[in-house]
Amino acid sequence: MSTTSAFNDEKGGSSSAGEPEYGHDPASGGIFSSDYKRHDDLKEMLDSNKDSLKLEAMKRIVAMIARGKNASDLFPAVVKNVACKNIEVKKLVYVYLVRYAEEQQDLALLSISTFQRGLKDPNQLIRASALRVLSSIRVTIIVPIMMLAIKEAASDMSPYVRKTAAHAIPKLYSLDPEQKDQLIEVIEKLLADKTTLVAGSVVMAFEEVCPERIDLIHKNYRKLCNLLIDVEEWGQVVIINMLTRYARTQFLNPNINESLLEEGGEKAFYGSDDEDDDDEEKKAEAAALAKRKPYVMDPDHRLLLRNTKPLLQSRNAAVVMAVAQLYFHLAPKAEVGVIAKALVRLMRSHSEVQYVVLQNVATMTIKRRGMFEPYLKSFYIRSTDPTQIKILKLEVLTNLANETNISTILREFQTYIKSMDKDFVAATIQAIGRCATNIGEVRDTCLNGLVQLLSNRDELVVAESVVVIKKLLQMQPEQHSDIIKHMAKLTDNIQVPMARASILWLIGEYCEHVPKIAPDVLRKMAKSFTNEEDIVKLQILNLAAKLYLTNSKQTKLLTQYVLNLAKYDQNYDIRDRARFIRQLIVPTDKSGALSKYAKKLFLALKPAPVLESPFKDRDHFQLGSLSHLLNAKAGGYQELPDWPESAPDPSVRNVEVPEWTKCTSRKERKEKKVEKPFYSDSEGESGPTESADSESDTGSGSESGSEESGSGSESEESEEESESEEEEEDEEDERTKKKKKIEKSKPKKPESAESDQSSGEEQKRNRKVVKERRSGSESESEEESESESSESESESEEESESDTDIKKKKKAAPSKPPPKQTKKESKKETKEMSLLDLDDFDPTPSPQVTPVNNFLSSSLVADLEGLSLTDTVLAPTTIAPSSSVRMYELLHRITGEGLAVEYCFSRQPFSPDPHMVAVQIQFTNNTSSESKSLHIEDPKLQSGMRIKEFPEIELLPAGESVNVVMGIDFCDSTQAANFQLCTHTRKFFVSIQPPVGELMVPAFLTENEFKKEQGQLMGMNEISEKLNLGEKCQSDHAIVERVTAKANLSRVPCGSEKENRFAGKTVSSGSLVLVTVARKEGGGAQLTVNCEKMVIGTMLVKDILQALTQ
Amino acid sequence: MIHSLFLINNSGDIFLEKHWKSVISRSVCDYFFEAQEKAGEPDNVPPVIRTPHHYLINIYREKIFFVSVIQTEVPPLFVIEFLHRVAEMFQDYFGECSEVTIKDNLVIVYELLEEMLDNGFPLATESNILKEMIKPPTILRSMVNTITGSSNLGATLPTGQLSTIPWRRADVKYTNNEAYFDVVEEIDAILDKSGTTVFAEIQGVIDACVKLSGMPDLTLSFMNPRLLDDVSFHPCVRFKRWESERVLSFIPPDGNFRLMSYHVNAQNLVAIPVYVKQNISFFESGSSGRLDITVGPKQTMGKTVECVLVTIHMPKVVLSANLTATQGTYTYDPVTKILVWDIGKLNQQKLPNLKGSLSLQSGAPKPEENPSLNIDLKIQQLAISGLKVNRLDMYVEKYKPFKGVKYVTKAGKFQVRT
């Protein structure tokens, strides 16, 4: 009734209408009629035109809701007031509406128009609140309206409205998951927002809607890191947790050296030069196997660590915990220590906070004990701590115990044993047991201490001690027959069944150590047999059996006696056991086959139990998460990925245009350091340069191809060759040279110096030819050369060691990750090209190069291609990066009346729309007149398919060729996209049909993820075929090469040698495609494809089968 | 994130429920009740309870269980911290956080919860912003009610959320501009039987009450900032300044707030202001025991130790106590088995002593352990670590504020083992 008085005050007695009902309690009864009447009453108040009455009514209704009472029948009366002018009434109406709209969907629709009006209000706060309420109404019919509202709000001028839009995204998603794709677009847009207000909310939306789309973060990564400190605290938690996951996919394990080189690793890394050499030698050994370079942290990784560190000082425990887990999972071992102090500080907080923090500290102490050792005393237990906290602290203390501090800890434990809290005492005894097993030096001390506890007056303490002693003794029974004897004596006094049973088991198990006492104990036990508890009886039987087997002379009669007693026991378990034992040990006429093994059965050596922390191995869950706390995967938990083998391309985080200038300096710095997942530059360079030259020379793709393959096999030599060749040829065109010079001036290469001398001309034309040839020739030539070139790789490295010059070059080489170079060069090129030949240069969409080789580190092929990019003179976007790229004919030279058009699937992400497949089209004008305004017209597409045309080519001079990129969303089908290619004079009907393997993009998965995903794609989604591998496909390498050539998949690391796994996602719908090739003896193999889209799966099987059997 | 919240009192009544997404039946609380029963003490209820479809994360504060329902993965501390914020907000609004006040202000509570979370994700948790939107219940509030018909729309909208300093409301005006800082230090210690220190540390906080007009920019510096080993700040404090200059620079929230918490370097030996001589023993025969406690001042830096209070959790077998105190009064509650001795001010000349006999349940074995003593105390005008505020400067605003700093030392978790 207290509520009544409160509202009396507020109302000032203005209305007494609803008074008696206000304090109405369900307990006080109240018949239906009065209930009905009450609501009538409220309705009347709501219908009145006095705001104060309405407000009063609404307050009472909201109070009903708060207390969990049903007020749904008032819906029509309330919803009428949604447009009420009084802001307070309105707010309460909103509260009501959000609560009941789900139940009264039709009526709720009446209110929608009000919010739609609100969305257009000039006041940002009203817009935001309208969106907030609109999106909270869980009525499926309004999904399109919500979608529209969210989209609009996402580009609102006010950051507050944008924040509200971010909040609305998960609401809509939970209402209708089908909207995911559209929502992801909104999220992508909002992620780019630069205000702190939005950052936290949008990352929250990201985590709820599409946590797997880690690629959306790349461009925003640095911004998020920099904004972090100014984001509100709750947003910080979400962002930090997300960035932890992100970093695990993008950076290398900072502790890699430890795991690789064990102890010496760190020293070598920080050590002086000669140690470095040492390191390099080791590396050279491991190169073929691990191809690891000394670890240097990615500056972006460092940025994250640096920017989160101040947040350890946050007042918010959740933020501190988030940073702590970030450091635990991401920081180099030497830096993790900083979090200990902050975590210890949290121990001062509320007991719930302590509980969670201690759980996490317990896990951390197993991995990184040293971190918390200085704070040992902070984990001392007070008698006033709640039991659950005590037990957790005990866990931490046990984990922290080592040779140096064990005496202090044991002294501390001694006081705990006297506690009144018996659960805690039992846990302490267990803890002592664990310390004893872990630290050999104190095992005897602990044992003695525990033995002393055996004379404790509290039975529970004694019982627990017996159980722990039993476990300890099992580890080294020979030395402790005294203790066993002592425990044998205890059977007279101790009554706790579990303890008695344990003692009996011990005596039976080690009866050979106490040959005199054991029969005596059995005698005593036989006497009291009938009064014992069941578990004790079972152990008496056990003891009797073991003694009979070892010492049958003394104990035969006793055993018979005990067995007879047991035979008539009330408990059938005991009767059964007696019967079983009798058959087994007492020799009879037709004793079973087993009886001769009786001794083995009973007296087998039992492994000592391992006393382990329950927190062991819990760190595979992200610390601080609910799943970690429960030690079970909670719904919606995102696995913390394993570190990648090699770092994915760091340049994806480079932000475009405005930050460009800023970035370059940083990038240069980075280039010096960043570990390069690729092989050294030299080989890579030789290939393309040479091919370029040779092509310009001969003009025939096939020839150049063979040369190239040659270059692959003997890279060192061929390099020289290529250089000389270059010299000759380059004299022809000066301009090419000039360009090359500029490009090469950065990466230090011998070629560049040489090419400087010669002068170039006809650069434009030449370049075009080069371009054309390259893409044409590669498809054939490189495929062949790949395997060889990979071999030559190792050779060349050996060679290089002898040659100092080259060695130098090599040293320099790994420091420059080619993708970045490409990017920079491409940038430069664009400038340059536009200077030189404006008319020709084609500003194709996708200024971001994003070379594809962030996956496929295992495949040399890709690496080489990545490198090949660096040297070419072409706009990188239009270069087919993959050697296995095949050119398809779109328009033959003859039908095209001199205009030849070819296309290939470049496997580059198509940046304007990630759901599209990038198709690179090459136009060659073979006529003698120029061709104008090449463009696409009138696409005829299957439903759902979309096309993104390339920008019109205004002019294609005679003899020239040009490359452009267009995007097609094939909707995950192999249906052809038909359209017209138009020139200024003619139109040609053409169609592009994708091979199934091009409808996907690589996906990174770890082995575990792969298995998990595969497990979810069984049955109908799995297609399996047996095949005989073709002659050339017997090796792993060949399989990888063929499969990746056939389909745009990435390789998944795999433990088994016999298996190769690949993963990808379909471009349009993102369905996983998993491919497994398991080799069998004798050239056979099993191909398995798991894919949600069965059609794709079937076609892919066919394609790969074909590729592998050839 | 947070799906629903139930407030439950000690007797198991759900007196408030709030859902931020679709409604979850209150029957989900049955799992909580089950866990509560199993735990016995409210302190021992596990903060995270797993049910077949949900996870319950709860805190226990002021005799109320705040039980939140979670459906998917969320950092547990996130929820726990938030629930504590809710409790603090109630305290801020209603002076105390109790079942009665919550029930009295049900509508305000409900509105607050509505504003604090949106779809289960925290929206506005700064008291300054919330107070702008939802007025605390005062006389003023009832006046506002009568004139709401003409109330201005903007006034009740969360303009504070738009600000870059969300903790401070705009247009603050005071006639008396004042800023007070309380440096409160607590000694956490465990002393063993013989009086030697097993573990001791000093934790401190600086609570502020700032009532300044406009947008003042304050700088607080210490004489000996090196003492501070570990610190955590209110979001208003500029961390960079602290890192480089060891000064606190901030634009304060309006009203009461905790500026910082700190931990004093453990290497500095902690001065223990009192000593305790105790002798508690239980006899094997006659089911009785004896108790003799003397408390005296030790390192008090010349200040008086006040509000000394000794609390002892007696073993279950102790039925009653028959004691005499030379100073203060004692009470023994035979139900909870808690003996409280309220001494008051410590007198240097005549040390307070509590002596007498305890009677035990007849026939029961004598208790294994002697109960430990928990001590409370307070010393005014002293920060036991020696921390001193040097000066407070104000920038931006022109007026001259009234400034004050107060020091207090208290016992935190101060326990004497026996």
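Tutor: Accessible areas come from the Shrake-Rupley method with a 1.4 Å probe. Keep that in mind for this structure, which is a predicted model.

Student: Okay, what does the accessible surface of chain A come to, and what part belongs to carbon and sulfur atoms?

Tutor: Chain A has about 45,900 Å² of accessible surface, with carbon and sulfur atoms accounting for 51% of that. As for the residues themselves, chain A has 1110, and 59% of them are buried.

Student: How many helices and strands are there in chain A?

Tutor: You'll find 48 helices and 15 strands in chain A. Then look at how contacts span the sequence: take those in chain A between residues at least 6 apart, and 69% of them link residues at least 24 apart.

Student: Now the interface. How many residues does the contact take from chain A and from chain B?

Tutor: Chain A puts in 95 residues and chain B 96. Buried area is what two parts lose in accessible area on being put together, summed over both. Between chain A and chain B that is about 8,700 Å², 57% of it from carbon and sulfur atoms.

Student: Which three residues supply more than any other three of the area that chain A buries against chain B?

Tutor: Those are A:W234, A:R348 and A:R382, which together supply 10% of the area chain A buries there.

Student: Which helix gives the largest share of the side of chain A that touches chain B?

Tutor: Helix α4 of chain A, residues 51-66, with seven residues. By type, that side of chain A splits into 40 nonpolar, 29 polar and 26 charged residues.

Student: Let's zoom in on one residue. Is B:D217 buried or exposed?

Tutor: The cut-off matters here: buried means under 20% relative accessible area. B:D217 counts as buried because its relative accessibility is 16%. This aspartate lies in strand β10 of chain B, which covers residues 217-222.

Student: Which side chain does the side chain of B:D217 join in a polar contact?

Tutor: That of B:R238, at 3.0 Å. Setting aside neighbours within four places in sequence, B:D217 also has contacts with B:S249, B:F250 and B:I251, and with the run B:D393, B:M394, B:Y395 and B:V396.

Note on methods:
Residues numbered from 1 in each chain as written. Chains lettered and ligands numbered in written order. Predicted model: local features only at pLDDT ≥ 70, side-chain atom pairs only at ≥ 80, totals over all residues. Heavy atoms only, no water. Helix = DSSP H or I, 4+ residues; strand = E, 2+ residues; numbered from the N terminus. Buried < 20%, exposed > 50% of the residue type's maximum accessible area, 1.4 Å probe, protein only. Polar contact = N/O pair within 3.5 Å; in protein donor to acceptor, adjacent residues only side chain to side chain. Contact = heavy atoms within 4.5 Å. Buried area = accessible area lost by both parts, 1.4 Å probe. Nonpolar A, V, L, I, M, F, W, Y, C, P; charged D, E, K, R; others polar.
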